[in-house]
2 protein chains.
Amino acid sequence: MKTISENRCFGGVQGVYSHASQVTGCDMTLGLFLPEQAETGAVPVLWYLSGLTCTHENAMVKAGAQRWAAEAGIALVFPDTSPRGDGVANDAAYDLGQGAGFYVNATEKPWSPHFQMWDYITDELPNALFSAFPIAEEAQAISGHSMGGHGALTIAMSFPGRFRSVSAFAPICNPTASDWGRKQFAAYLGAEESTWAQYDATLLMRKRGFDGPILIDQGTQDQFVDLLKPESLAMAMAERRQGGSFRMQKGYDHSYFFVSTFMEEHVAFHAAALHA
Amino acid sequence: MKTISENRCFGGVQGVYSHASQVTGCDMTLGLFLPEQAETGAVPVLWYLSGLTCTHENAMVKAGAQRWAAEAGIALVFPDTSPRGDGVANDAAYDLGQGAGFYVNATEKPWSPHFQMWDYITDELPNALFSAFPIAEEAQAISGHSMGGHGALTIAMSFPGRFRSVSAFAPICNPTASDWGRKQFAAYLGAEESTWAQYDATLLMRKRGFDGPILIDQGTQDQFVDLLKPESLAMAMAERRQGGSFRMQKGYDHSYFFVSTFMEEHVAFHAAALHA
């Protein structure tokens with residue numbers, strides 16, 4: 001882990017680090033907030049996966065999460081949303097290629113050599129963090145926004161026992177039935193749709209669910225709500241009798257003004273599970 | 001209003017009253033909690049509609065609502081769930097007839113002469129209360145459990161502007177598609193299903209929604225959950241982009257142990273709207 005920057009923040013340290021990733025075949029950058037409590041021992045960790053067009057930086061500077069994580073004694077990880085660099089495939093559209101990894105392992109050219117974000121987030125990066133920082137592997141939770149909410153939900157349901165709680169802000173709930181999903185899955189995974197299902201939170205909820213608490217916030221004035229399909233996941237949760245809260249927040253849109261408004265409650269929600 | 005009993009309760013008065021109802025053609029009994037603040041002026045009111053087999057008494061003695069209503073300075077009304085008496089039609093089943101009014105206006109014999117619970121709850125009883133007690137007509141909210149949750153939701157959506165907030169505990173969400181609903185609507189309203197839609201919370205949510213906050217709690221271990229169909233209403237709320245919280249509460253069943261657990265949060269939810 002190479003240190004890019006470290007700043008004191010709410011009594012702890014907001015760091016930015018990079019490391020050579022084997023699975024994505026490029027250097028990857030991430031933000032990591034360590035609370036003051038990490039000076040004396042391993043602390044629980046909340047993963048925060050970001051949305052389309054974001055880097056490791058957006059949530060780190062705009063979500064206001066450090067205030068609450070410091071109080072709760074929890075580390076925050078802000079990974080990047082895709083591989084990057086001159087040698088990495090890209091697309092002119094904002095929603096494909098760099099900044100739009102969709103948290104899948106691409107199987108199709110030209111994406112497959114670098115776009116292995118599922119393995120990066122679920123295997124390589126956690127192992128790198130646990131060996132380099134005082135983070136308690138046995139106390140993890142996960143959250144995310146939009147495309148990152150999709151990532152958080154699908155990863156949480158795919159690794160039973162790893163995450164004590166999962167939350168999401170305006171997640172892409174049903175990508176196999178949305179233009180935020182079908183385009184990217186066709187590009188990254190190919191035309192055979194049976195390979196897409198493992199990356200769809202609504203389908204995973206129907207099949208598997210999550211053995212822990214879930215909190216989802218969705219703004220009613222979200223300009224992208226038709227692409228997010230909250231109704232699909234809300235129905236799947238209720239049909240499954242999945243414990244959890246699905247909150248439609250009146251008047252809020254898709255921005256970080258929405259995310260930051262409810263960040264305190266999400267951190268408190270995860271803190272309750274992580275400190276249980 | 002005839003006084004049946006009055007008991008001091010959390011600094012206020014828990015009363016039971018009866019009155020001759022024109023619309024149901026019989027005497028109707030109700031519980032009314034007035035907080036201490038009612039001694040010096042009109043107070044906001046929270047309606048609580050009860051479920052199958054209940055009278056005015058069940059929630060009054062088991063829901064634990066007075067504690068929180070006293071603190072918030074809010075009155076509580078606990079109406080009965082049907083007309084009653086020897087001259088009133090009945091059925092051997094627990095889910096039809098007395099104790100099972102379903103908050104509709106019956107059009108079919110033998111039910112139509114007395115089973116006019118919609119008009120009783122939305123017109124006759126409120127007028128009787130506003131003229132007899134220090135209750136602020138302009139500050140009303142409504143809640144209920146099971147069949148009463150169905151009543152609360154359908155009434156709230158049918159009288160825009162009357163209720164500032166609506167909540168429900170394990171409501172019957174989609175009676176036109178459930179054995180808790182189809183049997184009763186066929187008996188009370190007849191075979192023409194187009195007349196049923198006005199009494200279905202999911203259909204009203206799709207058509208109309210509610211201009212205020214909504215809070216719904218549903219236990220994941222509810223023994224009647226397949227009859228309640230929370231998935232239908234959860235989907236309709238999300239599809240409509242209706243502001244509100246739909247919470248699946250892990251491990252809770254259909255009982256008053258469930259209702260009382262979350263009563264504090266429901267009263268606080270309504271108090272925020274009523275005191276706004």
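Student: Which is A:Gln116, buried or exposed?
Tutor: In this predicted model, A:Gln116 lies in the loop between strand 5 (75–79) and helix 3 (117–132) of chain A. Helices (H or I, at least four residues) and strands (E, at least two) are DSSP runs, numbered from the N terminus. Buried means under 20% relative accessible area, exposed over 50%, and partly exposed in between (1.4 Å probe, protein chains only). The relative accessible area of A:Gln116 is 14%, so A:Gln116 is buried.

Student: What pLDDT do side-chain atom pairs need in order to count?
Tutor: pLDDT is the predictor's confidence in each residue, from 0 to 100. Residues are numbered from 1 along each chain as its sequence is written, while chains are lettered from A and ligands numbered from 1 in written order. Side-chain values use heavy atoms, without hydrogens and water; totals for chains, interfaces and linings use all residues, local features need pLDDT of at least 70, and side-chain atom pairs need 80 or more.

Student: Which residue's backbone oxygen does the side chain of A:Gln116 reach?
Tutor: Contact means heavy atoms within 4.5 Å. Not counting residues up to four places away in sequence, A:Gln116 touches several residues, among them A:Val104 and A:Asn105. At 2.9 Å, its side chain reaches the backbone oxygen of A:Ala106.

Student: What is the largest C-alpha distance within the UniProt "active site"?
Tutor: The unreviewed UniProt entry places this feature at A:Ser146, A:Asp222 and A:His254. They are spread over 109 residues of sequence, yet they cluster in space, with a largest C-alpha distance of 10.7 Å.

Student: Which "active site" residue is A:Ser146 in contact with?
Tutor: A:Ser146 sits in the loop between strand 6 (135–144) and helix 4 (147–158) of chain A. At 3% relative accessibility, A:Ser146 counts as buried. Leaving aside neighbours within four places in sequence, its contacts include A:Trp180, A:Leu228 and A:His254. The UniProt record also lists A:His254.

Student: Which side chain makes a polar contact with the side chain of A:Asp222?
Tutor: A:Asp222 lies in the loop between strand 8 (214–219) and helix 7 (225–228) of chain A, and at 4% relative accessibility it is buried. A polar contact is a pair of N or O atoms within 3.5 Å; within protein, one must be able to donate a hydrogen and the other to accept it, and residues adjacent in sequence count only if both atoms are side-chain atoms. At 3.1 Å, the partner is A:Gln218.

Student: How many bridges pair strand 2 with strand 3 of chain B?
Tutor: Two strands pair if DSSP finds at least two bridges between them. Strand 2 (residues 12–21) has 8 of its 10 residues buried, so it is largely enclosed by the rest of the structure. Strand 1 (residues 2–9) of chain B runs antiparallel to strand 2, joined by 7 bridges. With strand 3 (residues 26–34), strand 2 also pairs in the antiparallel sense, and the bridges number 9.

Student: Which residue in the turn between strands 2 and 3 of chain B has a positive phi?
Tutor: Across these strands, B:Ser18 stands opposite B:Thr29. The hairpin has 4 residues between its strands, and the positive phi, about 65 degrees, belongs to B:Gly25.

Student: How much area is buried between chain B and chain A?
Tutor: In the interface, 21 residues of chain B are in contact with 21 residues of chain A. Buried area is the accessible area (1.4 Å probe) that two parts lose on being put together, summed over both. Carbon and sulfur atoms give 57% of the total, which is about 1,800 Å².

Conventions
UniProt positions renumbered as here; feature names shortened; annotations may be inferred.
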